[in-house]
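Please open the model in your viewer and keep the selection panel at hand. The stops below are meant to be followed in order.

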Amino acid sequence: MLTALLACVEPTTKAPEDQEVPVEEVGAAPEGAEAPTYTGDFFDDSFIHTVDIVLTDEAHSDLRRDPYEWTTGAVTVDGVSFPAVGVRLRGKIGSFRDLSGKPKWKLDFNRVIEDGSLGDYKTIALNNEVVDCSFLREPTGYAVFRAMGLPAPHTNYTWVTVDGEDYGLYVGIEYPDDRFLADRYADGTGNLYDGKYLYHGGYDYEMVDFTAHLVGNFTLEEGVDVGNADVRAISDAIVAEGTFEERLGGLVDEDEFHRYILAEQWIGQLDGYALNTNNYRVYFDPSDGKADFIVYDLDYAFYAASTWGMDWASPAGKLYQACIADTDCLAAHRAAAAEAVARSEEHTSELQSQFRISYAVF
């Protein structure tokens with residue numbers, strides 16, 4: 001399994017994330033369109049699922065003009081036909097492909113037809129894995145986060161066709177939305193922000209982190225708009241006086257944060273929060289008012305930090321910098337690491353289960 005992960009050509013560029021587009025930009029559903037019933041579990045990963053996408057000429061034109069703008073397509077999942085689904089492409093520098101290649105997809109079953117869903121899910125992503133020839137980095141990486149007791153998406157393997165043409169094997173990924181939050185938290189009504197970096201075109205981009213000039217760039221995906229005040233509170237606390245606990249103990253779930261960073265370290269997530277301030281969500285849990293991190297997009301996991309000239313002792317993430325600069329927080333992080341090692345048999349069991357599923361599917 002490790003050989004399969006290391007067999008791929010190492011990347012030279014990062015894979016930035018996608019950008020949200022308002023619901024109003026989607027065309028209206030066809031008259032009389034109803035939400036069909038999908039009774040299976042799309043993230044049952046014991047077999048390869050099928051997704052067939054059919055696009056009109058207008059939808060093709062939409063995706064050529066702006067691949068990140070929602071358009072409408074007819075989608076059939078495991079034989080169940082959905083007449084109108086929100087469809088757009090994903091990815092940027094490293095993983096973006098247009099329709100002439102093998103694009104990443106985002107499908108929203110609730111965007112066009114009221115009450116539409118894919119069983120228990122409203123939104124799914126289909127990742128092309130063009131930077132991961134093993135097709136194992138994301139399924140295995142998310143399994144590590146789940147083994148650490150963290151809220152991480154489920155995955156599967158999906159064969160995709162577009163207008164009857166085979167586009168090949170994809171990794172299906174559960175998308176963090178309000179249903180995801182309701183499933184993972186006792187109270188899923190809090191604010192969820194996307195920490196993906198701002199993409200200006202070409203190789204011009206700006207990372208997003210808890211710093212005064214960047215907190216306004218966190219994208220609110222679920223919850224109530226408070227002008228990013230909750231994110232800004234963390235930014236202000238990082239540069240305030242006092243210990244990590246005094247400044248940030250009431251704002252960040254420290255136990256969860258240690259486990260989150262450890263999971264990134266364990267799987268060598270070069271394109272995550274600690275090393276690159278990328279591919280993460282922040283959820284403010286109403287039950288305690290504290291921020292939790294949610295991982296997303298792991299196709300650049302399982303690499304040595306030196307691949308991109310990075311060093312785990314010199315992280316980019318301001319929150320993690322503040323932790324390792326504080327004696328007590330660093331000690332707590334080391335203690336969390338020791339606890340994770342002590343529980344390694346449990347972790348190994350879950351990962352071996354994921355490996356067996358992947359092997360059986362292929």
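This is a predicted model: local features need pLDDT of at least 70, side-chain atom pairs count only at pLDDT 80 or more; totals for chains, interfaces and linings use all residues.

Residues are numbered from 1 along each chain as its sequence is written, and side-chain values use heavy atoms, with hydrogens and water left out.

**The barrel**

Begin with the seven strands that close into a barrel in the order 1-2-3-4-5-7-6, with mixed pairing. Strands here are DSSP runs of E with at least two residues, helices are runs of H or I with at least four, both numbered from the N terminus, and two strands pair if DSSP finds at least two bridges between them. From one strand to the next the twist averages 40 degrees; axes are lines fitted to C-alpha atoms, for helices over the stretch in contact, and angles run from 0 to 180 degrees between N-to-C directions.

Select residues 123-127 and 165-174 next: these are strand 5 and strand 7, paired in the antiparallel sense over four bridges, and Ala-125 stands opposite Ile-173 of strand 7.

Move on to an open sheet of four strands, whose order is 11-8-12-13 and whose pairing is antiparallel. Strand 11 (219-222) and strand 13 (290-295) stand at the edges with a single partner strand each, so one side of each has no neighbour in the sheet. Neighbouring strands are turned by 30 degrees against each other on average, direction ignored.

Now centre on strand 8, residues 191-194, which pairs with strand 11 over three bridges in the antiparallel sense and is joined to strand 12, also antiparallel, by four bridges. Leu-192 stands opposite Glu-222 in strand 11, whereas the bridge partner of Tyr-193 in strand 12 is Val-282. Asn-191 and Tyr-193 point one way from strand 8, Leu-192 and Asp-194 point the other way, and all are buried, where buried means under 20% relative accessible area, exposed over 50% and partly exposed in between (1.4 Å probe, protein chains only).

**Two packed helices**

Select helix 3 (residues 137-147) together with helix 7, which pack at an angle of about 145 degrees with their axes 9 Å apart. To see the contact (heavy atoms within 4.5 Å), show Gly-141, Val-144 and Phe-145 in helix 3, which meet Tyr-260, Ala-263, Glu-264, Trp-266 and Ile-267 in helix 7.

**The cores**

Which residues touch the most other members of the largest nonpolar core? Among its 51 residues they are Phe-210, Tyr-273 and Leu-319, and helix 7 gives the most to this core, with six residues. A nonpolar core is a set of buried Ala, Val, Leu, Ile, Met, Phe, Trp, Tyr and Cys residues joined through side-chain atoms within 4.5 Å. A second, separate core of 26 residues includes Tyr-38, Val-75, Phe-82 and Leu-107.

**A last residue**

Finish on Ser-235, found in helix 5 (residues 229-238), which counts as buried because its relative accessibility is 4%. Leaving aside residues up to four places away in sequence, Ser-235 touches Phe-210, Thr-211, Ala-212 and Val-215.
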